[in-house]
Structure formats: structure tokens, C-alpha cells
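Please look over the sequence and the model first.

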Amino acid sequence: MKTLLRISIVVGLLTISASIVQACSCADPSQRAKFRKADVVFLGEITDHGFFDGINKDSQLVQSVSFAVKRQWKGPQQKQIRLLMPFDGPGMCGDMKLKPGLQYLIYAFREKKGLVTYADCGPNIEASYAAEDIKNLNRFWFRFSARLWLFN
């Protein structure tokens, strides 16, 4: 009986002293699915970033990030693209650390306030880790543009 009481006390203390843990689960769609869903797909270097002058509907701060476009596979061709990214605290699920001067492969979506993408659980990736993705995009882009040319 004493052993059962001791085990119950230990389990109770461990339960009370445990810190709050939030599960992190990100969807991992195929690259083809990410390409099809996005309105704009490009490889760009961050030139500037700061906070957007507004707050989104969830009262979450939003970053404004400007990119110099190095290569673009989808969307109207541009030399500079400005994106809005919901801001979160460091260490959240799938954070993409934004550093001026680094290049990123970006999949962006059109919303009322402009082009939007996500730093958490988003389809984006730092270019130094995206060699295979870029290679695949070059194949997708060729097929996509050839299909457009044939049917126009």
C-alpha cells in the first residue's frame, strides 16, 4: 500500500511540475502540389524586412519582407517582390529564419493586402538547402510553359 501511495505521489508531482508542451505538426505536400497552389514562385534574396503597418485579423504582427528576385517560375515577372509574413516568436513550429543577404525559395499566395507567405510550416526554404527543389522547378516550369505555348 505504501508503494502505491509513493508511486501516486511521484506521478502527481511529475504531472504538476511538467511544463506546457505544444505539439508541432506541419503538412508536407509534394513540390508539385506547392507549385500548383502558389500564385508566385521565385528564388530571391532578402533586401529589407520590417513590420507591416497593420495587424492581421488574428491580432498577430505581420512582417513586410522585400526580395530581389533572382529567378521566377510562376506569377508576373518582377525584379523586386514584397511579401507579408505573419510574425511569431522564435522557436515556433518550422521557423524560417529571415536574414538579409540570404536567398530563399518562396511560394507566395495572393490576398487582399498583397502577396503573403508563411514562416511557420510554410513551403519556403533557404536556397542553400533547395538545390533539388530548384532542379525540379526548372523541369516543372519547362513543362508548364510548353503546355501554355501549345494551347495558346
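The model is predicted. Strand β2 covers residues 61-74, and eleven of its 14 residues are buried. Strand β2 pairs with strand β3, and side chains of β2 also reach residues in strand β1.

**Hairpin**
- Strands β2 and β3 (residues 80-86) run antiparallel to each other and are joined by seven bridges.
- Within this pairing, Ala68 is found opposite Gln80 of β3.
- The two strands make a hairpin, with five residues between them.
- Gly75 lies in the turn and has a positive phi of about 100°.

**Aromatic rings**
- One aromatic pair turns up when the whole structure is searched.
- The partners are Phe42 and Phe67, in an edge-to-face arrangement with 5.4 Å centre to centre and 75° between the planes.
- Because Phe42 belongs to strand β1 (residues 40-55) and Phe67 to strand β2, the pair ties together parts 25 residues apart in sequence.
- Phe42 and Phe67 are both buried.

**Charged side chains**
- Lys74 places its charged end over the ring of Phe35, at 5.0 Å from the ring centre.
- The count of salt bridges is one.
- This salt bridge is between Glu45 and Lys70, whose closest N and O atoms are 3.7 Å apart.
- Glu45 counts as partly exposed, at 23% relative accessibility.
- Lys70 is also partly exposed, with a relative accessible area of 47%.

How values were computed. Residues numbered from 1 in each chain as written. Predicted model: local features only at pLDDT ≥ 70, side-chain atom pairs only at ≥ 80, totals over all residues. Heavy atoms only, no water. Buried < 20%, exposed > 50% of the residue type's maximum accessible area, 1.4 Å probe, protein only. Helix = DSSP H or I, 4+ residues; strand = E, 2+ residues; numbered from the N terminus. Pairing = 2+ DSSP bridges. Phe/Tyr/Trp six-rings, centres within 6.5 Å; stacked < 30°, edge-to-face > 60°. Lys NZ or Arg CZ within 6 Å of the ring centre and 35° of its normal. Salt bridge = Lys/Arg side-chain N within 4 Å of Asp/Glu carboxyl O.
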